[in-house]
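Notebook open, structure on screen. I want to go through the ligand sites and jot down what I find.

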Amino acid sequence: DARYQPQELERTWQAAWDRADVFTAQRDPSKPKYYVLEMFPYPSGRIHMGHVRNYTMGDVVARYKLARGFSVLHPMGWDAFGMPAENAAMEQGGHPKDWTYNNINVMRGQMKPLGLSIDWSREFATCDPEYYGQQQAMFIDMLAAGLVYRKNAVVNWDPVDMTVLANEQVIDGKGWRSGADVERRELTQWFFRISDYSAELLAALDGLPDWPEKVRLMQKNWIGQSRGLQFAFSTVDAPEGFDRIEVYTTRPDTLMGASFVAVSPDHPLARHLERHDAGVAAFVADCRRTGTTEEALEKAEKRGLNTGLRVRHPFDTEWELPVYIANFILMDYGTGAIFGVPAHDQRDMDFARKYDLPVHDVFHAQDDETPVDGTAFVPPKTEPVRYIRGFAGAEVQTGADAVEAAIAFCEERGIGRGVTQYRLRDWGLSRQRYWGCPIPVVHCDTCGVVPERKKNLPIALPYDEDGAPIDFSIPGNPLGRHPTWSQCTCPECGAPARRETDTMDTFVDSSWYYARFTAPRATTPTDLAEAEYWMNVDQYIGGVEHAILHLLYSRFFARAMAKTGHLPVRAIEPFNALFTQGMVTHEIYLTRDASGRAVYHLPEDVTDGKLADGTAVTIIPSAKMSKSKKNVVDPVNIITAFGADTARWFVMSDSPPERDVEWTSAGAEAAFKHLSRVWALADRIAAMPADTGSGDEDLLRAMHRAIDSITKSIESFAFNKAIADLYSLTNTLSKSQAGADTQTHVMRTLSQLMAPMVPHLAEDIWARLGGEGLAVQAPWPVADPAMLVADTLILPIQINGKRRSEITVPAEATKQEVEKMALADDAVIKALAGATPKKLIVVPGRIVNVVV
Ligand code: ANZ
Ligand code: ZN
């Protein structure tokens, strides 16, 4: 029976695309290329609506570019290493590898019914030895190029996951996965020299106009450039080797307001004192209990310990300041030591009040001489203020000018030097985990730390312990306690040696996968000919949650790969355009139990805001989907109920793609109904008797306007606008009285315009209406400019031979209609003054002549 049956239809067309092999990316130098990439998923176990929206967006772009004659690369893979697999093994038994590949199989199976135009032949998972072995090869090259090094470092230690965390993985002082309070530890770790690239990574942001401004700003802030002064205080009666304490300040203009000096608990001076003074040792040990992140330090109560040491002020040798060890000073920023100015820094103010230190005002607001009291006076640096304890430049000047003047003043006198600092730290990549890419180095008693030979790669993870299963429930690193895995021979001297048992941060895996997709089976990390052709990613699409780390690391890696010969130098900014999509949200339904606790209800249990027993529910609109809030819509259910095209249509309609879109069952049903209507319309047109009817100029104009507008909308990521135009063209077509030829032509064009969003339905209509070959291979329709000309005209009005006015009339207006409108024109009414015109001549499309 004639009815839209998406499930069967979608299977049919997916099989047809497979048979015709239309999505396999071909390097074809005769064609322009287009590389569209969505951030690859973590194989958590199921796809969610966010995936559907993300991948549909990429698919719309990919299919559109295909129709525009591009050679398109649209790959898919899996960001497959990481803690959840190990946690699952820890909690439920089993093996991280099995868990991961199982999830990949399930998710691939859920993704395929979406009908995405993906070149599945390029699929890989980052946990494939073929992938991480190449990552190890790159690590070895980066080591040789000085891009990676080992150092002792104070690290964030997650006591539950028993691993080091990057600063970014510490949220509110807690491990991002475990939620445990993070501690500080000193360990020997591997680091990527990303901070060498701070200036370049910052400057190059200006060359990325097709990235969201917001993301560029977040990166900029993360890199955190600041200009300041570095100089040393000389100490009074200091222990040997500590006659100077170097400090870094961004406010040298406030030097006359200094009231103390403070060093980090990890500062060499603190370490020295720690060895000789039990009080210092206890205080420092206590400080180490909080994490190393700025955030953790910001949140912790400000505490200090007076060392009893004193320093001399650089401008006045009689003026001495006390030296504290303070918990809010970071060792790896600036010099790990500061001078404090309570009047102009709230942290210093809090500290001064706590330890009873003086407050010296350096400047006041221009029109206000009230002394600073309790609350530090911190106006924007761009604001002019009155200096009462300044020392360089004018009395009234902006903070920014005063800083520059102070730097110049100090440089002239040899007191210090102006420096540019960056907040960006080197990227610590060592993780004491099993489920990651092993760091390919060997520890030899004679040769020290030596890289593996490339011919021994991949250094693969052991699946078991020499036949016995690995017990993942024991905390710590399973590689570290493996009985034999780490035993090896030294690549340098051949003596027995030990493998490094640390693995790489999983952010490494995702920092170069886009390059690997250009030659996923190459026996080197990349194939330069392929990379040369396919790079850069023309359009990258993903969540804004990756705006900082993943993108920054990828930008660093592209540079490192260029330096080690794995990418062309012109690909150091790997993503030409970036789009960050909004979420798919859903209402939350809740009631309160007797004790006031929220009880959540599934959407299917709520009708018109009420439960089955009549209890009204509170509705929280447009909330992030979350299992615990019971507002998750499973794409698999939607596809089963309505088909993939409905899901795709829904997530592309309604909201601009950068905003959240709220999933509603009414909306999903409406989308399905609309697609059914389109299907039925095509069915009716296909059954029309051979052409007898007339053309339909209005319909054709509407079609060309739709081609023009939808093309522009897709090019500019306004998919919701494209969908609105598709609705309206469908309406116009469904009312047309034109003959079969015209209607078929428009319907076929409509199907092509819909194809990026609802490719299966489009394919079906195309075939039924006699389209040649597959719709996916048909060239994108082109709007006829002649059919786009404005449908209104502006006609000048001459009164007695002189141009006096003009009127806007519909292009198709008749002579009589134009006459009527001319007579209603103000200038004409005035000239006629109630009389009838002697002559009224309309030259169609040109001019109106009135003679009075
Ligand atoms: C004196 C001063 C006076 C400061 C004043 C601020 C306000 P930005 O601008 O973010 O780069 N600082 C320097 N090194 C530090 C460290 N290792 N740990 C904690 N704080 C540190 O921050 C630079 C300012 O932060 C520096 O300028 C220093 O305090 C502090 F009215 O020096 B300032
Ligand atoms: Zn050796």
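I started at Ser226, where a side-chain N or O atom sits 3.1 Å from an oxygen atom of ligand 1. This is a predicted model, so I'm reading every distance as computed. Next I checked Tyr333: an N or O atom of its side chain is 2.4 Å from an oxygen atom of ligand 1. Arg423 also puts a polar side-chain atom 2.5 Å from a ligand 1 oxygen.

How much of ligand 1 does the protein bury? I got 86% of the 640 Å² that ligand 1 exposes when taken alone. Then I looked at which elements give two or more residues to the shell, and they are β9 (244–249) and β13 (337–340). The shell has 18 residues, and those that come nearest are Thr249, Leu330, Tyr333, His344 and Arg423.

**Zinc site**

I moved on to the zinc ion (ligand 2). Its protein donors are the SG atoms of Cys444, Cys447, Cys490 and Cys493, at 2.2 to 2.4 Å.

Buried or exposed? I noted Cys490 as buried, at 4% relative accessibility, and Cys447 as partly exposed, at 31%.

**'HIGH' region**

Last, I looked up the UniProt record: an unreviewed entry places the short sequence motif "'HIGH' region" at residues 41–51. I found that stretch to be 27% helix and 0% strand, with its end C-alpha atoms 8 Å apart.

Notes: Residues are numbered from 1 along each chain as its sequence is written. Chains are lettered from A and ligands numbered from 1 in the order in which they are written. This is a predicted model: local features need pLDDT of at least 70, side-chain atom pairs count only at pLDDT 80 or more; totals for chains, interfaces and linings use all residues. Side-chain values use heavy atoms; hydrogens and water are left out. Donors are N, O and S atoms within 2.8 Å of the metal (3.2 Å for Na, K and Ca); water is not among the atoms, so sites may look incomplete. Buried means under 20% relative accessible area, exposed over 50%, partly exposed in between (1.4 Å probe, protein chains only). UniProt positions are given in the numbering used here, feature names are shortened, and annotations may be inferred rather than shown by experiment. Helices (H or I, at least four residues) and strands (E, at least two) are DSSP runs, numbered from the N terminus. A residue is near a molecule or strand if one of its heavy atoms lies within 4 Å of it. A polar contact is a pair of N or O atoms within 3.5 Å; within protein, one must be able to donate a hydrogen and the other to accept it, and residues adjacent in sequence count only if both atoms are side-chain atoms. Accessible areas come from the Shrake-Rupley method with a 1.4 Å probe; for residues, only the protein chains shown count as cover.
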